[in-house]
Amino acid sequence: MLNIILFGAPGCGKGTQAKRLAESYDLYHISTGEVIRSEIARGTELGRSMEGYISRGELAPDSIVVEMVRDYMRTHNDKGCIFDGFPRTTVQAEIFDKMLAEIGSKVDVMIFMDVPEEELVRRILLRGKDSGRADDASEDVIRNRIEVYRAQTAVVADYYSAVGKYAEVNGLGSMDEVFDRLSGVIDSVK
Ligand code: ADP
């Protein structure tokens with residue numbers, strides 16, 4: 001059972017590649033950002049509690065995000081999964097490890113998709129034109145998300161690197177090129 005974490009700054013292409021990889025390797029795909037957006041769209045209490053964080057480009061509280069993933073895994077445990085946008089803090093990574101260990105599972109590899117900042121901003125602004133995501137429309141919010149990524153999320157790479165479960169790919173190039181690089185890493189841990 002393969003559990004893959006796709007990792008990188010906002011706009012690096014995690015979501016697009018996660019969908020393709022999930023199909024190609026027959027894995028589930030969970031995007032915590034998408035789960036949060038769907039809670040907000042459905043107007044749930046959980047959604048309302050997260051609206052502020054998302055619109056400011058801040059991280060949602062670890063406790064809430066971790067419970068969302070725990071819930072998801074209760075009903076999606078018969079095959080492996082691509083985790084897209086999670087874990088995003090070291091605390092999330094630590095709890096995630098325990099959660100997986102409890103069900104006799106583990107992370108196989110975290111793959112970092114490397115994309116320079118100016119390209120990230122360019123891609124997100126482009127996406128914002130038709131994604132309807134308010135957090136993709138404002139350059140200030142985008143820059144703040146990248147800043148939050150640097151300050152709180154980038155260190156999660158060290159966590160997986162320390163246990164030999166970390167790989168990097170170049171996130172520039174065509175979607176097919178990036179997909180092939182990611183597939184190469186996954187094939188090497190299969
Ligand atoms: P992006 O990678 O472009 O920022 P996402 O859809 O992954 O897009 O996330 C959108 C927003 O959802 C984030 O800015 C953050 O507010 C929230 N979010 C998503 N995943 C997490 C997480 N694991 N921990 C905390 N907040 C999260």
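## Aromatic pairs

Five aromatic pairs are counted in this structure, which is a predicted model. In one of them, the ring centres of Phe86 and Phe96 lie 5.0 Å apart with their planes at 80°, and the pair is therefore edge-to-face, since planes over 60 degrees apart are classed in that way. Phe86 belongs to the loop between β3 and α5, while Phe96 sits in helix α5, so this pair ties together parts that are 10 residues apart in sequence. Both Phe86 and Phe96 are buried.

Another edge-to-face pair is formed by Tyr159 and Tyr160, with 5.0 Å from centre to centre and 75° between the planes. Tyr159 is partly exposed, at a relative accessible area of 22%, whereas Tyr160 has a relative accessible area of 1% and is buried. Elsewhere, Phe7, Phe112 and Tyr149 are linked into a cluster by ring pairs.

## Helices α4 and α5

Helix α5, which holds Phe96, spans residues 90–102, and its axis comes within 10 Å of the axis of helix α4, residues 62–75, the two crossing at roughly 25°. Because angles under 35 degrees count as roughly parallel, α4 and α5 are described as roughly parallel to each other. The crossing in which α4 passes α5 is right-handed.

On the α4 side, the residues that meet α5 are Asp62, Val65, Val66, Val69, Arg70 and Met73, and on the α5 side their partners are Val91, Gln92, Ile95, Phe96, Met99, Leu100 and Glu102.

## Helices α6 and α7

Helices α6 and α7 pack with their axes 10 Å apart and at an angle of about 135°, which makes α6 oblique to α7. As α6 passes α7, the crossing is right-handed.

The α6 residues in this contact are Glu117, Glu118, Leu120, Val121, Ile124, Leu125 and Arg127, and they meet Glu139, Ile142, Arg143, Arg145, Ile146 and Arg150 in α7. The residues of the contact of α6 with α7 divide into six nonpolar, no polar and seven charged.

Arg133 is placed in the loop between α6, residues 117–131, and α7, residues 139–153. Is Arg133 buried or exposed? With a relative accessibility of 18%, Arg133 counts as buried, because the cut-off for that class is under 20% relative accessible area.

When residues up to four places away in sequence are left out, Arg133 touches Arg37, Arg127 and Arg145. Of these partners, Arg127 and Arg145 also take part in the contact between α6 and α7.

## Backbone details in two loops

The peptide bond from Phe86 to Pro87 is cis, with omega near -5°, and Pro87 is found in the loop between β3, residues 81–84, and α5.

Asp26 is located in the loop between α1, residues 14–25, and β2, residues 28–31.

Notes
Residues are numbered from 1 along each chain as its sequence is written. This is a predicted model: local features need pLDDT of at least 70, side-chain atom pairs count only at pLDDT 80 or more; totals for chains, interfaces and linings use all residues. Side-chain values use heavy atoms; hydrogens and water are left out. Axes are lines fitted to C-alpha atoms, for helices over the stretch in contact, and angles run from 0 to 180 degrees between N-to-C directions. Helices (H or I, at least four residues) and strands (E, at least two) are DSSP runs, numbered from the N terminus. Angles under 35 degrees count as roughly parallel, over 145 as roughly antiparallel, 65 to 115 as roughly perpendicular and the rest as oblique. A crossing is left-handed if the near helix is turned anticlockwise from the far one by less than a right angle, and right-handed if clockwise. Contact means heavy atoms within 4.5 Å. Buried means under 20% relative accessible area, exposed over 50%, partly exposed in between (1.4 Å probe, protein chains only). Rings of Phe, Tyr and Trp (its six-membered ring) pair if their centres lie within 6.5 Å; planes under 30 degrees apart count as stacked, over 60 as edge-to-face and the rest as tilted. Ala, Val, Leu, Ile, Met, Phe, Trp, Tyr, Cys and Pro count as nonpolar, Asp, Glu, Lys and Arg as charged, and the others, Gly among them, as polar.
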